Amino acid sequence: MRKRKSALEALEPAPDFSFLEVPLSVEGGYKALVAEALVPAKPTAFLCFSDVIAQGALARAAALGLKVPEDVSIIGMEDLPSSQFTFPALTTIALSVEDMGERTADALFQWLETDTMPLSIRLPVTLVQRETTGAARPR
């Protein structure tokens with residue numbers, strides 16, 4: 001695991017968040033929650049790059065005796081079918097992996113044909129609110 005800096009972290013006043021890079025696995029999410037749970041200012045939420053990582057974080061929260069979402073909120077991305085069956089059911093950001101692949105391939109072909117690198121590609125997303133998010137606890 002390693003921490004990653006971003007342009008957002010240079011803002012004044014500094015926002016209250018951090019990035020943690022972990023393997024794309026249930027184990028990666030499990031270990032990430034352990035690392036972040038040990039910091040003095042306990043996080044109130046985890047936004048995970050994938051539902052797989054979020055499911056690992058959810059498992060570790062339960063092992064640590066944390067109540068989700070009362071003690072910590074956990075959000076995944078992708079809306080995998082298994083996410084509706086976790087306990088509690090995982091809140092996630094639905095995005096189409098097929099659409100992402102098609103748009104990436106189109107951008108790559110365009111780049112090769114025109115020698116112009118694409119600047120960005122925006123994909124539609126939908127918040128699928130289930131049971132793992134709630135109001136942040138007071139600090």
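Q: What should I know before I start?
A: Residues are numbered from 1 along each chain as its sequence is written. In this predicted model, local features need pLDDT of at least 70, side-chain atom pairs count only at pLDDT 80 or more, totals for chains, interfaces and linings use all residues, and side-chain values use heavy atoms, without hydrogens and water.

Q: Which strands does β4 pair with?
A: Two strands pair if DSSP finds at least two bridges between them; strands (E, at least two residues) and helices (H or I, at least four) are DSSP runs numbered from the N terminus. Here 3 bridges join β3 (residues 45-47) to β4 (residues 73-77), running parallel. The chain goes from β3 through helix α2 (residues 51-63) to β4 in a right-handed β-α-β crossover, meaning a clockwise path with the strands pointing away from the viewer. Another 3 bridges join β4 to β5 (residues 91-94), also parallel, and there Gly-76 has Thr-92 as its bridge partner.

Q: Where is the largest nonpolar core, and what does Ile-74 touch?
A: Such a core is a set of buried Ala, Val, Leu, Ile, Met, Phe, Trp, Tyr and Cys residues joined through side-chain atoms within 4.5 Å, with buried meaning under 20% relative accessible area (1.4 Å probe, protein chains only). The largest has 14 residues, and Ile-74 is among those with the most contacts inside it. Its largest share, 5 residues, comes from α2. Not counting residues up to four places away in sequence, Ile-74 touches residues including Phe-46, Ala-54 and Val-68 (contact: heavy atoms within 4.5 Å).

Terms used:
Buried means under 20% relative accessible area, exposed over 50%, partly exposed in between (1.4 Å probe, protein chains only).
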